[in-house]
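Subject: Structure handover

Hello,

Here is the structure we spoke about, with my notes below it. Please read them with the coordinates open.

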Amino acid sequence: MAPSRKTEPETSKKGRTSSKLFVPACYSFGFLLVCLIAFLLQIVYFSPISPVLDEVPQPAVLSATQLQDFIKVGEGSVNHPEDASMDKNGVIYTATRDGWIKRLQDGTWVNWKFIDSQTLVGLTSTKEGHLIICDNANVSLISFANDVVEASDGSLYFTVSSSKYLPHEYCLDILEGKPHGQLLKYDPSSNITTLVADGFYFANGVALSRDEDYVVVCESWKFRCRKYWLKGERKGKLETFAENLPGAPDNINLAPDGTFWIAIIKLDARRMKVLNSSKLIKHVLAAYPKLFSRFITLGGGAHLINVAEDGTIIRNLVDPTGQLMSFVTSGLQVDDHLYMISLTSNFIGKVQLS
């Protein structure tokens, strides 16, 4: 009788077959894992930022007044202005993204001077009748000047939003989370510029108090404004002026009554918290700026607050739907009217305050 042939159980064959399929599956998964790790290491190693995780300020929730009787001044005649200023003769000027300095004449914005630049931002009128404009086209030792104001003695106080990053790299400044902002002073008599204070989280708008005893600096990424004392017993000290604002403060302008108008840009506090929960998230967004612009959006409608000399919020004006303007970068009060300027608009808004 021939010896019987030993056969393997069916379960064993199935087990062996599944193990043959499992090997390439493990290999593919391991390869993808290695590629992912290499990808992340490359992002971190070659990252343009050295981020820190910081506490996100909690924006205040305030009762608001909705903007009404909104007028679009010169629609289609201004190309994304960022700020405006009124000279000693009552003429209002603005600087546009196509390089034109324009002035308001009989309700229309007319060309005044042309500057070959697309990076004109904050401006101020001087007692001599000149205009001083922050321009970041020609990068020098001061690469990110943002706003400027003149004192009665002719000296200029101006902000540098970031001493590390350029204007088009503003997202890297917020992702890194370190205070690179500065407040500088230019003395025209000596032609010398000095550092007044630093350590600002994106120094933005700047304004002098009515008596020029202190200067206020808007600190966008911290939802606050700080003031530097120029006179009195506290001279040379930097203190909080207003904090936990309802958004990121942009430009600030002195009102005729000694209060301040501050433009507010809404940033989603919840997303800011997610951003500050992981350095890896910051590195990835730094490597792909388009992802950052989708993750952290600017907008939420026109928003301005009126702040007293002691930092108390007096008025809170909003456009909750964003139908009037997507957001406002500056507010300028002239008599009983408030002009609203925005980098995203081709007009300047105007409302009556009374």
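Glu219, Arg224 and Arg226 are linked in a network of salt bridges. Please keep in mind throughout that this is a predicted model.

Are arginine 226 and glutamate 219 buried or exposed? Both of them are buried.

The count for the structure comes to 8 salt bridges. Two others are worth a look on screen. Glutamate 239 bridges to arginine 234, with 3.8 Å between the closest N and O atoms. Glutamate 239 counts as partly exposed because its relative accessibility is 23%, and arginine 234 is likewise partly exposed, at 39%. Aspartate 268 forms a salt bridge with arginine 270, where the closest N and O atoms are 3.5 Å apart. Here aspartate 268 has a relative accessible area of 26%, so it is partly exposed. Arginine 270 has 64% and is therefore exposed.

Next, the loop that holds serine 162. This residue sits between strand 10 (156-160) and helix 2 (170-176). Why does serine 162 count as buried? Its relative accessibility is 0%, and buried means under 20%. The side chain of serine 162 has two contacts to report. A polar atom of that side chain lies 3.3 Å from the backbone nitrogen of lysine 164. The side chain of serine 162 also makes a polar contact of 2.9 Å with the side chain of aspartate 173.

On cysteines: how many disulfides does a search of the whole structure find? The search finds 0. Cysteine 134 is in no disulfide, and the nearest cysteine sulfur, which belongs to cysteine 218, is 13 Å away. A disulfide would need the two sulfur atoms within 2.5 Å. Cysteine 134 counts as buried because its relative accessibility is 6%. Cysteine 171 is buried as well, with a relative accessibility of 7%.

Then helix 4, which spans residues 279-287. Its N-terminal end is capped by serine 278, with a side-chain oxygen 3.2 Å from the backbone nitrogen of leucine 280. Which residues of helix 4 are buried? Lys282, His283, Leu285 and Ala286 are. These residues lie on the same side of helix 4 because they cover an arc of only 170° around the axis. As background, an α-helix has 3.6 residues a turn, so residues three or four places apart point the same way.

Last, a surface feature. Phe29, Leu33, Leu36, Ile37 and Leu41 make up a nonpolar patch on the surface, and together they have about 510 Å² of accessible area. Phenylalanine 29 is located in helix 1, residues 10-45. Why does phenylalanine 29 count as exposed? The relative accessible area of phenylalanine 29 is 59%, and exposed means over 50%.

If you open only a few views, I would start with these:

- the salt-bridge network of Glu219, Arg224 and Arg226
- serine 162 and its 2.9 Å side-chain contact with aspartate 173
- serine 278 at the N-terminal end of helix 4
- the nonpolar surface patch that includes Phe29 and Leu41

Regards

Technical notes:
Residues are numbered from 1 along each chain as its sequence is written. This is a predicted model: local features need pLDDT of at least 70, side-chain atom pairs count only at pLDDT 80 or more; totals for chains, interfaces and linings use all residues. Side-chain values use heavy atoms; hydrogens and water are left out. Patches are made of residues with over 30% relative accessible area and no salt bridge: like charges are joined within 9 Å, nonpolar side chains (Val, Leu, Ile, Met, Phe, Trp, Tyr) within 5 Å. Accessible areas come from the Shrake-Rupley method with a 1.4 Å probe; for residues, only the protein chains shown count as cover. A salt bridge is a side-chain nitrogen of Lys or Arg within 4 Å of a carboxyl oxygen of Asp or Glu. Helices (H or I, at least four residues) and strands (E, at least two) are DSSP runs, numbered from the N terminus. Buried means under 20% relative accessible area, exposed over 50%, partly exposed in between (1.4 Å probe, protein chains only). The arc is that of the directions from the helix axis to the C-beta atoms. A polar contact is a pair of N or O atoms within 3.5 Å; within protein, one must be able to donate a hydrogen and the other to accept it, and residues adjacent in sequence count only if both atoms are side-chain atoms.
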